[in-house]
Amino acid sequence: MSDLKYKRIVLKLSGEALAGDKGFGINPPVIKTIAEEIRDVYNLGIQIAIVVGGGNMWRGEAGEEMGMERSQADYIGMLSTIMNGLALQDNLESVEVPTRLQTSIEMKQIAEPYIRRKAVRHLEKGRIVIFAGGTGNPYFSTDTTAVLRAAEINADAILMAKNGVDGIYSADPKTDPNAKKYDHLTQMDIINKGLHVMDTTASSLSMDNNIPLVVFNLNKPGNIKKVVQGEKIGTIVEG
Ligand code: UDP
């Protein structure tokens, strides 16, 4: 365990991470690869909690734009995260990783309800815990959920896995060739430089709790392992 920088992590997987090139739904080879990557990190002896998003199926804001009542649309979004959670659980168990799925909205027939103490116990017993359903409240995001759960379970770090982007940049690297990547930032730097890392609710919760945040590219094999072993990849937000 000595070469491990973090012993208990919250891994945030966006819904898009599960979708692959199509950007929609669940791509079986993609989710299988992610499960294998997570298994490799799990085998190092790391306690892993995963917060899964739902943007590959539904976003509340998009529903609102279509004329739906926002809270109603957000509940559809929360249900999408639970579908992703089930798929992830299935894939992790098929690579021999014991898991528990906990949902913030009770759905006892298919998952445990979120109970903080139980989640911590599962981690201590070597089970990966998947947190689905977001916070259980409309108007929030799964980024906020990741920060909230990380604070609740005393995680050492939040690993924010990105699709194809390898950290935090001064501008959007996809559109601005002069965009500069930061290796290290403080919470204050994020405010002072006006960087957009997470939505404002997630950012302010993160700032208040000051849990190290690592933003890195999920699409490069071995990256999650590199982060927990303290290799300098992505951007670390700390202090
Ligand atoms: N959502 C919500 N409350 C939460 C978390 C999520 O209402 O606490 C809804 C919201 O509609 C959001 C959708 O679930 O658009 C999917 O979550 P998110 O956008 O965070 O997923 P990601 O972008 O990570 O795939």
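1. The protein has eight helices and eleven strands, where helices (H or I, at least four residues) and strands (E, at least two) are DSSP runs numbered from the N terminus. The model is a predicted one: local features need pLDDT of at least 70, side-chain atom pairs count only at pLDDT 80 or more, and totals for chains, interfaces and linings use all residues. Residue numbers start from 1 along each chain as its sequence is written.

2. On overall dimensions, the C-alpha trace spans about 50 × 50 × 35 Å along its principal axes. A compact globule of 239 residues would have a radius of gyration near 18 Å, and the 17 Å of the protein agrees with this; the radius is taken over C-alpha atoms, and the globule rule is 2.2 Å times the number of residues to the power 0.38.

3. Of the 239 residues, 44% count as buried. A residue is buried if 20 or more other C-beta atoms, placed from the backbone, lie within 10 Å of its own. Among contacts with a separation of 6 or more, 71% join residues 24 or more positions apart; a contact requires C-beta atoms, placed from the backbone, within 7 Å.

4. The unreviewed UniProt entry places the feature "binding site" at Lys12, Leu13, Ser14, Gly15, Gly55, Arg59, Asn163, Tyr169 and Asp172. These positions are spread over 161 residues of sequence and also in space, up to 24.8 Å between C-alpha atoms. UniProt positions are given in the numbering used here, feature names are shortened, and annotations may be inferred rather than shown by experiment.

5. Lys12 is found in strand E1 (residues 8–13) and counts as buried because it has 28 C-beta neighbours inside 10 Å. Leaving aside residues up to four places away in sequence, Lys12 touches Val51, Thr142, Asp143, Ala146, Ile158, Leu159, Met160 and Ala161.

6. Leu13 also lies in strand E1, and its 26 C-beta neighbours inside 10 Å make it buried. With residues up to four places away in sequence again excluded, the residues that Leu13 touches include Leu18, Ile34, Ile50, Val52, Gly53 and Ala161.

7. Helix H1 (residues 28–42) packs against helix H3 (residues 70–94) at an angle of about 60°, with the axes 9 Å apart. Axes are lines fitted to C-alpha atoms over the stretch in contact, and angles run from 0 to 180 degrees between N-to-C directions. H1 and H3 are therefore oblique to each other, a class left after roughly parallel (under 35 degrees), roughly antiparallel (over 145) and roughly perpendicular (65 to 115). Ile31, Lys32, Ala35 and Ile38 of H1 make the contact with Ala87, Leu88, Asn91 and Leu92 of H3.

Terms used: Buried ≥ 20, exposed ≤ 12 C-beta atoms within 10 Å, placed from the backbone. Contact = placed C-beta atoms within 7 Å.
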